[in-house]
Amino acid sequence: MTEPTPLPWPAGSSRSGGASGSVTDGDLLALTATGDTAAFSTLYDRVAPWVFGLVRRILRNPAQSEEVTQEVMLDIWRTATRYDAGRGSAHAWILTIAHRRAVDRVRSEQAAADRTEQVGARSAEVEFDQVADTVSTRLEAEQVRRCLDTLTELQRESIELAYYNGYTYPEVAQQLGAKLPTIKARMRDGLIRLRDCLGTTKGHRP
């Protein structure tokens, strides 16, 4: 006995004729195993409703139950050759496939939900870190601002023009109406005081 060839599914044209309702499900399975699409069509009509009922009781979701029912019927078509009438009824064999498929779907959905929850938890951690970084940046900016306030007006204005507004030294000198050597000297002294202020303050952090 060979595996049935893939069936274009649902096989509407093949679902008429062939096996009748007088044969058993086991008989239909045996014929399906030979690739008899008419037998499979009859079997489909017989068992698909109660396969759907079983799957629906496990999954509860109608759309997912329909999908799983189709997967079950496709399994039956593909694996009919594995059915052994000596080991149990066709009904029990089909129910086993349906139950396994439904449980697999539940586990798959649960795994997907767990992954989503984990991704959400990681996103929350990232958001928390971003908040911490923002607060830290603001505190440092406030600290720089406080240290700038300790400089002379010329030092502070020179540094702000050069480092916050992007002016060159000559442009700073022109903006402030001072000689270039004076601006350079004031900025050098101001940066030294600023560095000392920031270093001292950080050293006193708890």
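A: A salt bridge is a side-chain nitrogen of Lys or Arg within 4 Å of a carboxyl oxygen of Asp or Glu. This is a predicted model: local features need pLDDT of at least 70, side-chain atom pairs count only at pLDDT 80 or more, and totals for chains, interfaces and linings use all residues. Residues are numbered from 1 along each chain as its sequence is written, and side-chain values use heavy atoms, with hydrogens and water left out.

Q: Why is the contact of Glu67 with Arg105 called a salt bridge?
A: The closest N and O atoms of Glu67 and Arg105 are 3.2 Å apart. The cut-off is 4 Å, so the pair qualifies. Glu67 lies in helix 3 (residues 62-79) and Arg105 in helix 4 (residues 90-148), so the pair ties together parts that are 38 residues apart in sequence. Helices are DSSP runs (H or I, at least four residues), numbered from the N terminus.

Q: What makes Arg105 buried or exposed?
A: Buried means under 20% relative accessible area, exposed over 50%, and partly exposed in between (1.4 Å probe, protein chains only). Arg105 has 14% relative accessibility, so Arg105 counts as buried.

Q: Which class does Glu67 fall into?
A: Glu67 has 43% relative accessibility, so Glu67 counts as partly exposed.

Q: What makes the contact of Arg105 and Glu71 a salt bridge?
A: The N to O distance is 3.1 Å.

Q: Which class do Arg101 and Glu71 fall into?
A: Arg101 has a relative accessible area of 28%, so Arg101 is partly exposed. Glu71, with 26%, is partly exposed.

Q: How many salt bridges does the rule give, and which residues are linked in a network?
A: The count comes to five salt bridges. Glu67, Glu71, Asp75, Arg101 and Arg105 are linked in a network of salt bridges.

Q: Why can such side chains pair?
A: Side chains of opposite charge can pair when their charged atoms come close.

Conventions. Helices (H or I, at least four residues) and strands (E, at least two) are DSSP runs, numbered from the N terminus.
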